[in-house]
Amino acid sequence: MCLCLQRFSAVPKASTFSQRYCRHHLGLPGLQRALVRSRKAPGNQDGSSSSIDSHTMSGAGKCAVITGTARPSGIGRACARAFVRAGYSVLGVDKMRMQDSETDAALAEGRYFHTVIDVAAAVEVSFVPNSCKQHFGSPTIHCLINNAGVADPHMPQAAEAAVSHWRSVIDTNLSGAFLMSQACIPHMPAGDAAIIHISSTRAPYAAAKAGMLGLTHAQAASLAHKVRVNAVLPGWIDTSGDPASITTADHAWHLTGRVGRPDDVAELCLFLADSCKAGFITGQEFVVDGGVSTKMVYPPDEAEPQAAPLQPQRQPQDAPQQQQQPPPAEAAAPKRPTEGDQGPPVIWPDE
């Protein structure tokens, strides 16, 4: 073993390590950096990476709160699975119990707990930090994902029912995100915390989700130097739980060649939550729609009747022929200016 390695008590004893990281290969500063990486990064003693990379363990010892996790095929549940895999302890929040027919194996490691809370109720939301302390031993929250939302786009026709529906959607989709933020922010460590609002690229639903973009910008400014705040805007994400229901045409409509999956959103959220990788990103909006928004149009619904093309109307052969009117005389072309003309210059279209 190189003599320089004797200065560091935590150096692995393998000879391959000394050959790769000795001062004669890297110099003393390079050796010190390599030793720091060897202590922090998971892997084998010889420096090779293991099957669990640094991205997978980015949340070790951290806590995430994710709303809207009851549905097994939804975006919230996909985020919960991804964060648990990354080492986070996750508190799932939903006004419904978990809607699984059987235990979700990805959440069976003891680092996920589900609590029934209505995010539109301020009193209930105030218990979130206490739930984290009860299940994980600390009220500290490193990441909040506001995903819960009412996704019913049909506005009732009756005026009173329409107002009630509007308030229900706004209270859950927009006010719920605000209330969850207010409850969690006091327990978020400065410089190592993130809030992620799940908005949408798609009429009370769209209005509430659009309001979340304004909330994102305002919070990013008011929480500067403490908490990073970003928004994720999913497009067509298949949360049906039945991939066979998506047609080939549906997939082909996207520039990526397929409809989105909940994991597509979850992976972006996992990246934005990592202060080491996304520490310089705040106040931004990230569209996850397979490029469809660049087309500015969605395919027509097959159920909608298609308008028949206009056909020229033919007159019967025995009908009197209408005398054609001569075409109107073309207007005289304007006179082009000459050098002797007085007045400002004129720019002509064909010049």
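Predicted model: local features only at pLDDT ≥ 70, side-chain atom pairs only at ≥ 80, totals over all residues.
Is the crossing of α3 and α9 left-handed or right-handed?

The crossing of α3 and α9 is right-handed. Helix α3, residues 75-85, and helix α9, residues 262-273, have axes that come within 8 Å and cross at roughly 50°, and the two helices are therefore oblique to each other. On the α3 side the contact involves I75, A78, C79, A82, F83 and R85, which meet P262, D263, V265, A266, E267, C269, L270 and A273 in α9. Sorted by class, this contact has 11 nonpolar residues and 3 charged ones, with no polar residues.

Turning now to the largest cavity, its volume comes to about 40 Å³. The residues that line this cavity are T67, V119, N146, N147, A148, T172, N173, G176, A177 and M212, and helix α6, which covers residues 159-184, provides the largest share of that lining, namely 4 residues.

Notes:
Residues numbered from 1 in each chain as written. Heavy atoms only, no water. 1 Å grid on protein atoms, 1.4 Å probe; cavity = no way out; pocket = protein on both sides within 12 Å on 5 of 7 lines; lining within 4 Å. Points joined across faces, edges and corners; volume = space filled by probe spheres on them. Axes fitted to C-alpha atoms, helices over the stretch in contact; angles between N-to-C directions. Parallel < 35°, antiparallel > 145°, perpendicular 65-115°, else oblique. Left-handed = near helix turned anticlockwise from the far one by under 90°. Contact = heavy atoms within 4.5 Å. Nonpolar A, V, L, I, M, F, W, Y, C, P; charged D, E, K, R; others polar.
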